[in-house]
Amino acid sequence: MYAVQLYLDYGSFAQLFLQIGTRFRLGWNDAGNAFNPISIARYMAYSILLIFIVYPAWRPLISNHIWLNTFRTFLLILFVCSSVYLFFSGTKTPILALVICFLILFFKSNLSKVLKFSVLSIGIFGATFLLVAGVKVVPGLTDSQAAYIESRFLDVESAVGDRAYQGSRATDNIELKAFLIGNGTGSFGYSNLKMDIRDYPHNIFAEVLYENGIFAVILLIVIYVMIVLNCILSKDLLSSFCSFSALFFGINAFFSGDLITNNLIFFFALVTSLVKRGQLKECT
């Protein structure tokens with residue numbers, strides 16, 4: 001009902017998703033306890049990734065054409081709505097994580113090299129055109145709104161500078177003892193703001209270095225390397241699902257969230273390890 005009301009108020013689907021993706025944040029206004037649009041976009045992008053992992057494995061198992069068509073329709077609606085929300089919310093990190101996961105899945109596929117190159121070239125050209133020029137012809141968008149979306153995606157210097165500053169808060173002027181063993185888990189908020197509140201540098205490696213030291217960072221690097229290798233080598237559904245989930249949330253952790261909000265990295269990495277060791281039954 002809220003979506004219908006928004007559509008009636010703003011008169012176009014472009015306006016609908018723009019308002020949901022930025023101002024209203026999926027139904028919560030700015031005056032209330034609004035969800036973080038980055039977190040919402042992250043799960044939108046994650047749902048798109050799961051479509052491309054689950055559908056090829058489940059399709060042969062659905063013999064009834066009615067159920068298969070219903071399943072396809074549901075996935076198509078989910079894909080379109082999630083993609084449009086990602087675009088209008090202007091959140092870059094979930095899209096980056098999604099693209100990297102897609103590239104690994106794409107190059108693991110059995111398509112010919114010529115077809116892979118063609119699809120990749122068309123995708124890059126289409127995305128570039130949409131961001132640089134095509135957004136201006138999206139029905140229902142004003143020039144200022146088109147400029148807003150372009151700035152969210154194309155103002156790389158501003159985005160990189162902001163995240164670099166966030167990370168530097170944890171790495172600048174770090175003492176030798178803290179570099180080796182850290183300042184203690186959860187200490188960043190108090191040390192940085194002199195208040196006992198939750199704060200984090202929006203980079204999981206910077207956070208771990210500040211709070212737990214270089215040896216914990218080395219362990220985290222090992223976990224990331226294992227996740228990437230598992231993505232490349234995974235063949236069955238369960239292993240692919242867990243390893244790509246860990247990679248997706250792991251990439252997001254470079255730019256947003258802290259150890260608490262990025263706990264799914266370690267959950268999926270652990271399940272992937274158990275699957276590889278044969279301690280969980282494979283799901284194909």
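# Exercises on a helical chain

At 53% relative accessibility, Ile-181 counts as exposed. The model used in these exercises is predicted.

**Exercise 1. State which nonpolar surface patch includes Ile-181, and which helices supply it.**

Step 1. Check its exposure. The cut-off for exposed is over 50% relative accessible area, and Ile-181 has 53%, so it counts as exposed.

Step 2. List the members. The patch is formed by Leu-176, Phe-179, Leu-180, Ile-181, Phe-215, Ile-218, Val-222 and Met-226, which together have about 770 Å² of accessible area.

Step 3. Assign the helices. At least two residues of the patch come from each of helix H9 (176–181) and helix H12 (214–233).

**Exercise 2. Describe the secondary structure of the chain and state what share of its residues is buried.**

Step 1. Count the elements: the chain has 14 helices and zero strands.

Step 2. Read their order. From the N terminus on, the run is α-α-α-α-α-α-α-α-α-α-α-α-α-α.

Step 3. Take the share. Of the 284 residues in the chain, 39% are buried.

**Exercise 3. Classify the ring pair of Phe-52 and Phe-102, and locate its two residues.**

Step 1. The distance of the centres and the angle of the planes describe a pair of aromatic rings.

Step 2. Start from the total: the structure holds 14 aromatic pairs. In the pair of Phe-52 and Phe-102, the ring centres are 4.8 Å apart and the planes are at 70°, so the pair is edge-to-face.

Step 3. Locate the residues. Phe-52 belongs to helix H3 (residues 37–58) and Phe-102 to helix H5 (residues 92–108); they are 50 residues apart, and the pair links distant parts of the chain.

Step 4. Phe-52, at 42% relative accessibility, counts as partly exposed. Phe-102 has a relative accessible area of 25% and is partly exposed.

**Exercise 4. Do the task of Exercise 3 for Phe-241 and Phe-268.**

Step 1. Classify the pair. Phe-241 and Phe-268 are edge-to-face, with 5.6 Å from centre to centre and 85° between the planes.

Step 2. Locate the residues. Phe-241 is in helix H13 (residues 237–252) and Phe-268 is in helix H14 (residues 264–276), so the pair ties together parts that are 27 residues apart in sequence.

Step 3. Phe-241 is partly exposed at a relative accessible area of 25%, whereas Phe-268 is buried at 7%.

Step 4. Ring pairs join Phe-241 and Phe-268 with Tyr-43, Tyr-46, Phe-248, Phe-249 and Phe-267 in a cluster.

**Exercise 5. Compare the span of H14 with the expected value, and show how its buried residues are arranged.**

Step 1. Take the span. The 13 residues of H14 reach 18 Å from first C-alpha to last, close to the 18 Å expected at 1.5 Å a residue.

Step 2. Name the buried residues of H14: Ile-265, Phe-268, Ala-269, Val-271, Thr-272 and Val-275.

Step 3. Look down the axis. The buried residues of H14 fall within an arc of 165°, so they line one face of the helix.

Step 4. Recall the general rule. Residues three or four places apart point the same way, because an α-helix has 3.6 residues a turn.

Step 5. Find a residue of H13 to set against Val-275. Cys-242 lies in helix H13 and is buried, with a relative accessible area of 3%. Cys-242 and Val-275 are 33 residues apart in sequence, and their C-alpha atoms are 9.1 Å apart in space.

**Exercise 6. Repeat the span check for H5 and name its buried residues.**

Step 1. Compare the values. The 17 residues of H5 should span 24 Å at 1.5 Å a residue, and the end C-alpha atoms are 24 Å apart, which agrees.

Step 2. Name the buried residues of H5: Thr-93, Pro-94, Ala-97, Leu-98, Cys-101, Ile-104 and Phe-106.

**Exercise 7. Find the loop that holds His-202, and state whether this residue is buried or exposed.**

Step 1. Locate the residue. His-202 is in the loop between helix H10 (188–193) and helix H11 (204–212).

Step 2. Apply the cut-off. Buried means under 20% relative accessible area; His-202 has 18% and therefore counts as buried.

Step 3. Check the backbone. The phi of His-202 is near 60°, a positive value in a residue other than glycine.

Notes: Residues numbered from 1 in each chain as written. Predicted model: local features only at pLDDT ≥ 70, side-chain atom pairs only at ≥ 80, totals over all residues. Heavy atoms only, no water. Patch = residues over 30% accessible without salt bridge, like charges linked within 9 Å, V, L, I, M, F, W, Y side chains within 5 Å. Areas by Shrake-Rupley, 256 points an atom, 1.4 Å probe, with all protein chains shown as cover. Salt bridge = Lys/Arg side-chain N within 4 Å of Asp/Glu carboxyl O. Helix = DSSP H or I, 4+ residues; strand = E, 2+ residues; numbered from the N terminus. Buried < 20%, exposed > 50% of the residue type's maximum accessible area, 1.4 Å probe, protein only. Phe/Tyr/Trp six-rings, centres within 6.5 Å; stacked < 30°, edge-to-face > 60°. Expected span 1.5 Å × (residues − 1). Arc of directions from axis to C-beta.
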